[in-house]
Amino acid sequence: TWVTTSQLLTAGGNLILTPFVIHGLGIERYGLFVLTGTITGFLGSLNGGLAATANRYFPIYAGVDDRVATTKLLVTFMVFVLGIGAVMSAADWFGSPFVVRALSMSPGLRPESLFLFRTLGILLTFTLLHQLVQSVVIARQRFDRVIQAGLLCYALWVAGLVLVVHYHEGLRGIAIVFIVQQIATIAMIAPTASRYLTREGFA
């Protein structure tokens with residue numbers, strides 16, 4: 001029921017929101033917006049088996065209520081992601097100018113496009129962190145919390161896009177909304193995940 005409700009609300013919201021965003025951003029900006037979303041989604045799936053490992057071992061630990069092992073695995077994964085994320089963000093920062101120059105776009109869009117592309121490393125890092133924290137909650141079968149957090153962040157996403165279009169913030173605004181959404185998602189799901197962690201796991 002939670003999943004179906006979420007799918008209906010987001011699908012309906014996207015049908016209404018997409019024409020508004022296309023009109024507000026313009027075809028060229030919207031194309032760059034979709035491109036960055038596609039790149040992030042693609043790179044997020046290339047996580048080296050991180051998500052699959054989390055989805056296997058967190059439920060095993062949940063089955064025996066082993067909160068120490070859950071905490072240790074989560075901390076290990078998060079440190080690894082933050083380390084890799086720092087490297088990716090640095091590569092993204094220095095590589096983005098070459099990517100922007102390679103794309104065909106109006107010269108006036110290049111500065112804001114560069115800003116957007118330079119946030120992809122940070123965005124991908126937060127996306128992976130969100131997946132890890134969410135895996136702990138899903139392992140405990142708290143699907144309601146996951147969907148509730150997702151719906152709240154979707155509402156934040158919609159509000160952010162409306163504000164970006166209204167105040168003509170362009171791709172810089174889109175980049176900020178992307179990052180705020182991911183941080184908010186982690187913040188909303190973390191309190192539930194923390195119930196299944198323990199201080200002993202940080203030792």
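Trainee: What makes Asp-144 and Arg-142 a salt bridge?

Mentor: Their closest N and O atoms are 3.2 Å apart. A salt bridge here means a side-chain nitrogen of Lys or Arg within 4 Å of a carboxyl oxygen of Asp or Glu, so the pair qualifies. By that rule the count comes to 4 salt bridges.

Trainee: What kind of model is this, and how are residues numbered?

Mentor: It's a predicted model, where local features need pLDDT of at least 70 and side-chain atom pairs count only at pLDDT 80 or more, while totals for chains, interfaces and linings use all residues. Numbering runs from 1 along each chain as its sequence is written, and side-chain values use heavy atoms, with hydrogens and water left out.

Trainee: Which residue forms a salt bridge with Glu-112, and how far apart are the closest N and O atoms?

Mentor: That's Arg-29, at 2.8 Å. The pair links distant parts of the chain, 83 residues apart: Glu-112 sits in helix α5 (residues 110-117) and Arg-29 in helix α2 (residues 27-45). Helices are DSSP runs of H or I with at least four residues, strands are E runs of at least two, and both are numbered from the N terminus.

Trainee: Why is Glu-112 called buried?

Mentor: Its relative accessible area is 8%. Buried means under 20%, exposed over 50%, and partly exposed in between (1.4 Å probe, protein chains only), so Glu-112 is buried. Arg-29, at 27%, is therefore partly exposed.

Trainee: What about Asp-65 and Arg-140: how far apart are their closest N and O atoms?

Mentor: They're 3.0 Å apart, and the two form a salt bridge. This pair also links distant parts of the chain, 75 residues apart, with Asp-65 in the loop between α3 (50-63) and α4 (67-102), and Arg-140 in the loop between α6 (120-139) and α7. Asp-65, at 41% relative accessibility, counts as partly exposed. A network of salt bridges links Asp-65, Arg-67 and Arg-140.

Trainee: Which residues is Leu-197 in contact with, leaving aside its neighbours within four places in sequence?

Mentor: Arg-67, Thr-70, Thr-71, Leu-74 and Val-136; contact means heavy atoms within 4.5 Å. Leu-197 lies in the segment after α8 (170-194). Its C-alpha atom is 9.1 Å from that of Leu-74, 123 residues apart along the chain. Why partly exposed?
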